[in-house]
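I opened the model and kept notes on what I looked up. The entries follow in the order I made them.

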Amino acid sequence: MIDFELLRKIIDQHNSFILTTHVNPDADAIGSEIAMYYLLKRMNKKIAIINHNQTPYYLKFLDTENIIKKFNPAEHNKLFVEYEVIISLDLSTIDRIASLEETVRESKMVKVCIDHHDENCSFSDYAFCDSEYSSTAEIIFDFIKSENLFRIDKEIAIPIYAAVMTDTGSFVYEKTSPKTHRVAAELLEAGVVPRDIYKKIYEQVKYGRIKLLGKALSSISFNENKTIAWLTLKESDLQEADIDETDIDGFVNYTMKIDSVKIGMLFYELKDGFKVSYRSRGDIPVNKLASEFGGGGHLNAAGSKIVGKEMIDYIRVILNTAEKYLN
Ligand SMILES: [Mn+2]
């Protein structure tokens with residue numbers, strides 16, 4: 001259970017807040033920041049949102065006031081002295097804020113973490129985390145309701161809906177509960193049009209992304225009994241397609257459309273190593289698999305970055321480790 005009363009107290013006792021989220025932000029990351037921004041604004045607080053990355057183009061519609069800034073130490077370091085509280089959203093380990101890590105570690109701000117991943121937000125002074133939630137935005141929704149802060153209206157319903165929709169894979173992932181649907185129902189009552197949000201998030205795909213998806217799909221490989229499937233992309237493929245890294249996020253999900261597949265992976269090469277996205281079915285803990293390679297995440301969806309290894313040589317090591325998790 002999350003102690004919403006305590007969160008309320010922290011907000012009441014302070015006046016200035018910096019919000020941040022993880023590297024390669026998704027709709028839950030940006031949606032939670034924007035929802036939290038509206039919430040704090042309505043409580044007459046001073047707010048800045050500073051992220052490691054620029055907001056991906058398909059999520060810009062959530063930031064109607066253009067409040068989210070990409071971290072620039074020269075410009076922003078002073079805010080980490082002036083402001084009182086930093087709220088990290090949708091992340092549970094501090095390395096996920098990438099270039100902000102050192103600044104946040106060294107700052108004397110009160111550190112608050114609001115999250116739904118399995119790890120424990122140990123870097124924060126106050127953690128409001130529960131992995132039973134479908135998304136971080138659903139926690140914010142519950143906070144507004146349980147503390148009776150204000151009526152959920154369309155302005156705040158849109159970022160929350162975008163977050164819940166995407167983090168539940170459009171209401172199909174494991175953490176999708178009757179309650180998640182009740183939350184969605186209330187967001188619809190507030191004026192959200194599901195079709196509009198869906199179109200903005202899933203139907204403004206760039207040409208290069210579809211070309212790259214074609215390459216990724218034609219690379220598909222399997223283990224002997226087709227319980228593990230994996231896709232590979234080379235750095236040159238990414239360069240040619242001229243797209244953001246966030247654009248390849250969903251590619252790994254295609255491996256899970258095959259009925260025999262229990263673990264799906266996407267390997268993509270970077271200049272200094274490579275990244276792996278992991279997916280799994282049932283109770284196969286790919287977050288544990290990812291943590292063997294310096295990563296983490298959820299039971300059925302995780303990621304890791306491996307620096308200083310050649311992807312082509314190292315894939316075999318990860319595949320052998322993945323086999324262990326099948327039983
Ligand atoms: Mn999330």
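I looked up the neighbours of Thr103: leaving out residues up to four places away in sequence, Thr103 touches Phe71, Asn77 and Phe80, where contact means heavy atoms within 4.5 Å. The model is predicted, so local features need pLDDT of at least 70 and side-chain atom pairs count only at pLDDT 80 or more, while totals for chains, interfaces and linings use all residues. Residues are numbered from 1 along each chain as its sequence is written, and side-chain values use heavy atoms, with hydrogens and water left out.

I placed Thr103 in helix α5 (residues 101–106); helices are DSSP runs of H or I with at least four residues, numbered from the N terminus. Thr103 has a relative accessible area of 16% and is buried (under 20%; exposed is over 50%, partly exposed in between; 1.4 Å probe, protein chains only).

Next I checked the metal. The manganese ion is coordinated by Asp28 (OD), Asp90 (OD), His116 (NE2) and Asp167 (OD), at 2.1 to 2.3 Å. Asp28 is in helix α2 (residues 27–42) and Asp167 in helix α7 (residues 154–167), so this pair ties together parts 139 residues apart in sequence. Asp28 is buried at 0% relative accessibility, and Asp167 is buried at 19%.

Last, I turned to the domains. The assignment, automatic or from a database, gives domain 1 (4–202) and domain 2 (207–324). Their centres, taken over C-alpha atoms, are 27 Å apart. Ten residues from domain 1 and 13 residues from domain 2 take part in the contact.

Conventions: Donors = N, O, S within 2.8 Å, 3.2 Å for Na, K, Ca; no water. Helix = DSSP H or I, 4+ residues; strand = E, 2+ residues; numbered from the N terminus.
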